[in-house]
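Welcome! Take a moment to look over the sequence and the fold below, and then we can walk through them together.

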Amino acid sequence: QDGVKCFGDCALNVDPTAEQLAEIAVFQAKMAIQFGISPRVAMLSYATGDSNSGELIDKVIKATEIARDTAEKEGFMEREMIEGPLQFDAAVDPAVAAVKLKGNPVAGRANVLTYPDLTSANAGYKGVQQASKCLAVGPILLGLRKPVNDLSRGATVGDIVNTAVITCIQADL
């Protein structure tokens, strides 16, 4: 479980609004729960906490509050398990988190990473995949009535099989 990271939105929403970004985070968290993962959601940005300011950070702050309110209202997770804005390093590295956002339950332990836009999400997940040679499954499309998923043009046979398995699991949930 500690090695699994859910990245989003890596495929569809080019420049989501704060409301859309919150919805993406909520769908990611619910998917993590469906797969037996206790979500710790990081709303990613180029700043952590109040270390910087600007329009893009404001969007992430607003999205974080909306996602927290939704989680609390729907009761599927505790609101403090959604944090933002967080830089990627502060989201996943406990040593960095101890300096940038000490004592936070998500910082340094995030397993659901919600990027602020498609460019950073797609580049981020492909960068992690290529640099670490880890297994990446997806994109997994969320929020649709029926399970539908996507494959990159560079997908391997293993990618296709893994995505098909995930789609079958989604259909059964």
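Let us begin with Pro85, which sits in strand E3, spanning residues 82-86. The bond that joins Gly84 and Pro85 is a cis peptide bond, with omega about 0 degrees. Please keep in mind throughout that this is a predicted model. Another cis peptide bond runs from Gly8 to Asp9, and its omega is near -15 degrees. Asp9 belongs to the loop between strand E1 (6-8) and helix H1 (18-34).

Now for the sheet that E3 is part of. Four strands make up an open sheet with parallel pairing, and their order is E1-E4-E2-E3. E3 runs parallel to strand E2 (residues 41-44), and three bridges join the two. Within this pairing, Ala42 of the chain is found opposite Glu83 in E3.

Helix H1 lies across E1, E2 and strand E4 (112-114), and it runs at about 165 degrees to E4.

How many salt bridges does the structure hold? There are nine. Three of these pairs are set out here:

| Salt bridge | N to O distance |
|---|---|
| Glu19 and Lys62 | 3.0 Å |
| Arg68 and Glu83 | 3.1 Å |
| Asp89 and Lys100 | 3.2 Å |

Consider the salt bridge between Glu19 and Lys62. Glu19 lies in helix H1 and Lys62 in helix H2, so this pair ties together parts that are 43 residues apart in sequence. Glu19 has 41% relative accessibility and counts as partly exposed. Lys62 is partly exposed too, with a relative accessible area of 44%.

In the salt bridge of Arg68 with Glu83, distant parts of the chain are linked, with Arg68 in helix H2 and Glu83 in strand E3, 15 residues apart. Are these two side chains' residues, Arg68 and Glu83, buried or exposed? Arg68 is buried, and Glu83 is buried as well. Both also belong to a network of salt bridges that links Glu65, Arg68, Asp69, Glu72, Arg79 and Glu83.

Finally, there is the salt bridge between Asp89 and Lys100. Asp89 is in helix H3 (residues 88-92) and Lys100 in helix H4 (residues 94-100), a link between distant parts of the chain that are 11 residues apart. Asp89 is partly exposed at a relative accessible area of 33%, and Lys100 is partly exposed at 33%.

Technical notes
Residues numbered from 1 in each chain as written. Predicted model: local features only at pLDDT ≥ 70, side-chain atom pairs only at ≥ 80, totals over all residues. Heavy atoms only, no water. Pairing = 2+ DSSP bridges. Contact = heavy atoms within 4.5 Å. Axes fitted to C-alpha atoms, helices over the stretch in contact; angles between N-to-C directions. Salt bridge = Lys/Arg side-chain N within 4 Å of Asp/Glu carboxyl O. Buried < 20%, exposed > 50% of the residue type's maximum accessible area, 1.4 Å probe, protein only.
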